[in-house]
Amino acid sequence: MGNEKRNMKENPYTLMPVSGEAFVGRKDLLEELLDDSSRHLLIGAPRIGKTSVLKQVQYLAHQRHQPAFYLSLEGVVNYEELQTSVYRHLRREKFKWFDFERIGFDPRSFEKENFFDALFDLDEKLDGQSLFLLFDEAQVLVEIGRQAPAFLQKWRGALASLRSLKTIFAAFPRILQVNELFEETSPFTSGLPIEYLSVFTASEAEEFIRRPGIKIQSAQMAEIFECTGRHPFFLQILCGALYTNGTLAKLTPEKFRAAYNSVPLHGILLHAFNTLSDEEKAVMQAVHQKDTASLQILRSEFPTSRSLESILDRMVSYGYLKKASGGYKIINAFWSKWLKEEMPEPVAA
Ligand SMILES: Nc1ncnc2c1ncn2[C@@H]1O[C@H](COP(=O)(O)OP(=O)(O)O)[C@@H](O)[C@H]1O
Ligand SMILES: [Mg+2]
């Protein structure tokens, strides 16, 4: 038995965020995030790969000997907690090749002094050397901004003038609601380059499948593409379930069911569904009712919705729908099964 175990290869597909060698694709995006503007907003639906991108930015920055701090804002409910979490992260992390003392900065000043004074002080002392602050789950900024709009306004102003500190926020699409808090001034996101994270391209998905040394025929690959819509999370689930000791088994209805049941998808997809607006939910349910929903049919169902096409485009870009000849379809077999079996109450648009 011991021998058998030793000969078994470990399943390379995972449901955790990935970085380093296991990270696939997103090449142009990573270049952009690492090199260009000093601030970015990365927008994507749950499980599309935001955390993985931030962790990969951190990994690549470290390879260049640039300090990079990953800070999840999950559960952070006010700006005091946000400030404390910045301070805690800066204080905790130690790099062989970077030392706050060397540049004459004390991370404790984030706690003692004004948050913004500390930011500007650090930026100045970095003197052109990049330091990344990678904020995950940044949709909490909507709630923080509702309580303390002045803090967010000030932060937006600060972001525009920092030279060495590079800030990346990753958030669900609803982060854009933050702009509603800025009706008097220009929106929070003005001057903040937005990158949208979408499903893998065909060549990324192919690389994803082959990366662990898997040999696969193009027909089987096409089946996996069709079943997952090339969405990273569903590729991980499906390939993980098909994987047996260095090969991928044929995709059968039984294997698909096993893949679906290998993860608590009920709650995961409900959460992803609930991050949509009511209008988007209704559109997704309407598309699900047809095999392929043409724009014409959808228009007749949503006669008053002037923004139907932009909603559809957005939902394709976020990985809920896909374009097909003749209209729109649900992105993949996992979502279709969930909508069929666990369709939440129809949402009135
Ligand atoms: N670039 C990538 N390469 C390989 N797997 C990825 C990539 N991006 C996402 N995944 C996989 O997709 C799933 C969701 O990724 P994650 O980064 O946690 O998404 P998010 O933070 O948007 O919820 C995980 O199983 C992860 O391994
Ligand atoms: Mg995440």
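Two strands pair if DSSP finds at least two bridges between them; helices (H or I, at least four residues) and strands (E, at least two) are DSSP runs, numbered from the N terminus. This is a predicted model, in which local features need pLDDT of at least 70, side-chain atom pairs count only at pLDDT 80 or more, and totals for chains, interfaces and linings use all residues. Residues are numbered from 1 along each chain as its sequence is written, and chains are lettered from A and ligands numbered from 1 in the order in which they are written.

**Exercise 1.** Identify the bridge partner of Lys 322 in strand 9.

*Solution.* Begin with the two strands: strand 8 (residues 321-324) and strand 9 (residues 327-330) run antiparallel and are joined by four bridges. Within this pairing, Lys 322 has Lys 329 as its partner.

**Exercise 2.** Describe helix 3 and state what its buried residues pack against.

*Solution.* Helix 3 covers residues 50-63, 14 residues in total. From first C-alpha to last it reaches 20 Å, close to the 20 Å expected at 1.5 Å a residue; the expected span is 1.5 Å times one less than the number of residues. Its buried residues include Val 53, Leu 54, Val 57 and Ala 61. A residue is buried if 20 or more other C-beta atoms lie within 10 Å of its own, exposed if 12 or fewer, and partly exposed in between, with C-beta atoms placed from the backbone. The packing partners of the buried residues are helix 2 (27-35) and strands 1 (39-43), 2 (68-72), 3 (131-136) and 4 (165-171). Just after the helix, His 65 takes a positive phi of about 60°.

**Exercise 3.** Explain why ligand 1 lies between two domains.

*Solution.* Among the 21 residues around ligand 1, Gly 49, Lys 50, Thr 51, Ser 52 and Pro 232 come nearest. Helix 3 and helix 11 (232-242) are the elements that give two or more residues to this shell. Domain 1 (27-196) and domain 2 (202-264) both contribute to the shell, so the ligand lies between them; the domain bounds come from an automatic or database domain assignment.

**Exercise 4.** Determine which residues Pro 107 is in contact with, leaving aside neighbours within four places in sequence.

*Solution.* Pro 107 is in the loop between helix 4 (79-92) and helix 5 (109-112). Two residues are in contact if their C-beta atoms, placed from the backbone, lie within 7 Å. The contacts of Pro 107 are Tyr 87, Leu 90, Arg 91 and Phe 100. Pro 107 is partly exposed because 18 other C-beta atoms lie within 10 Å.

Technical notes:
Near = placed C-beta within 6 Å.
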